[in-house]
Amino acid sequence: MILIGYSGHAFVVFGILKNAGTLVTGYCDNEEKPYNPFALDYLGRESDLSSIEKIKKSGYFVSVGDNSIRKKIHLQLVEKTNRQPVNAIHLNAVIDATVMISESGVMVAANVVINALAKIGMGVICNTGCIIEHECSVGDFAHIGPGAVLCGNTSIGEQTFVGAGAVIRQGIIVGKNVIIGAGAVVVKNVPDNKTVIGCPAK
C-alpha cells in the first residue's frame, strides 16, 4: 500500500491501515520528507509515471487532510490508474450494519460511531471519536473533525469541514464548502461557502 501525502494526517492513516493488517511500503509527495517516522520509501510525486505504475500495482490511499487538495488528487489518480483508493477503517470504529460507506478513499478513525442508515461519501474523513447519528448524510470529501457530533438526519455538503467538538443539531442541512469552527453549535441551516463559529453558530 502507498500513501499519497506524508505528514500528520498520513501518520494517523498509517496506524489505521497497520492495525487492519495492511502493509504500507512507501509514500508519494511533492518532495522527500526529512521526518520519516515509519521508514517508508519515497517514491516521488504521485503524478510521476514511475509512481503511477507502482500505485497501480500496490494500491493507494490519499492521506491529505485538506478537502480540496484531497479531492483533486483522488480524482486525478482514479483517472490515471483506473483504480479506486482503498478505505482506511479503524478496527475500533463502531459502524451499524445498515450504514452505506463509499468504497473509495474513506477514512474512519478510532472510536468513531456511525449509526443506522447513515451515508458516507467518497474521500470523507471521519476523524477520531466523532459521532455520526442515524440517517445522516456526509457528502464527498467532507471532513468531520475529532469529537464532532452530527445528530440524527443531518446533511453535510461536499468538501465541508466540521471542526473538532462541533455539534450539528438534528435535521440541520449544511451546504457545500462550509467551514464550521471548532466547538460550534449549529442550530440553523448553513448555506454553501459560509464559515460559522460560536454557540450558537453564526
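Is Asn 111 buried or exposed? The points below take up this question along with others about the model.

1. **Basis of the note.** This is a predicted model, in which local features need pLDDT of at least 70 and side-chain atom pairs count only at pLDDT 80 or more, whereas totals for chains, interfaces and linings use all residues. Residues are numbered from 1 along each chain as its sequence is written, and side-chain values use heavy atoms, with hydrogens and water left out.

2. Asn 111 counts as exposed because its relative accessibility is 51%, where exposed means over 50% relative accessible area, buried under 20% and partly exposed in between, with a 1.4 Å probe and protein chains only. Asn 111 sits in the loop between S8 and strand S9 (113-114), strands being DSSP runs of E with at least two residues and helices DSSP runs of H or I with at least four, numbered from the N terminus. Although Asn 111 is a residue other than glycine, its phi has a positive value, near 65 degrees. Ala 39, which is not a glycine either, has a positive phi of about 50 degrees; the loop that holds Ala 39 runs between strand S2 (26-28) and strand S3 (41-42), and Ala 39 counts as exposed because its relative accessibility is 63%.

3. **Cysteines.** The structure holds zero disulfides, a disulfide being a pair of cysteine sulfur atoms within 2.5 Å. Cys 126 is in no disulfide, and the nearest cysteine sulfur, that of Cys 130, is 5.0 Å away. Cys 126 counts as buried because its relative accessibility is 0%, and Cys 28 likewise counts as buried, at 0% relative accessibility.

4. **Nonpolar cores.** The largest nonpolar core has 46 residues, and among those with the most contacts inside it are Leu 3, Cys 126 and Ile 180; such a core is a set of buried Ala, Val, Leu, Ile, Met, Phe, Trp, Tyr and Cys residues joined through side-chain atoms within 4.5 Å. At least two residues of this core are supplied by each of helix H1 (8-19), strand S8 (107-108) and strand S11 (125-126), and H1 gives the largest share, five residues. Apart from this core lies another, of eleven residues, including Leu 43, Ile 52, Val 64 and Leu 77.

5. **Ile 180 and Val 167.** Not counting residues up to four places away in sequence, Ile 180 touches Phe 161, Val 162, Gly 163, Ala 166, Ile 168, Val 174, Val 186 and Val 196, where contact means heavy atoms within 4.5 Å. Val 167 is found in strand S18 (residues 167-168) and counts as partly exposed because its relative accessibility is 28%. With neighbours within four places in sequence left aside, the contacts of Val 167 are Val 149, Cys 151, Ala 184, Val 185 and Val 186. From C-alpha to C-alpha, Val 167 and Thr 98 are 23 Å apart in space, and they are 69 residues apart in sequence.

6. **The largest pocket.** About 180 Å³ of space lies in the largest pocket. On a 1 Å grid over the protein atoms alone, a pocket is an open set of points where a 1.4 Å probe fits, with protein on both sides within 12 Å along at least five of seven lines, and its lining residues have an atom within 4 Å of a point. Of the 15 lining residues, Gly 5, Asp 29, Val 64, Ile 69 and Ile 73 are the closest to the centre of the pocket.

7. **A cis peptide bond.** Cys 199 and Pro 200 are joined by a cis peptide bond, with omega about 0 degrees, and Pro 200 lies in the segment after strand S22 (195-196).

Terms used:
Grid points are joined across faces, edges and corners, and a volume is the space filled by probe spheres set on the points.
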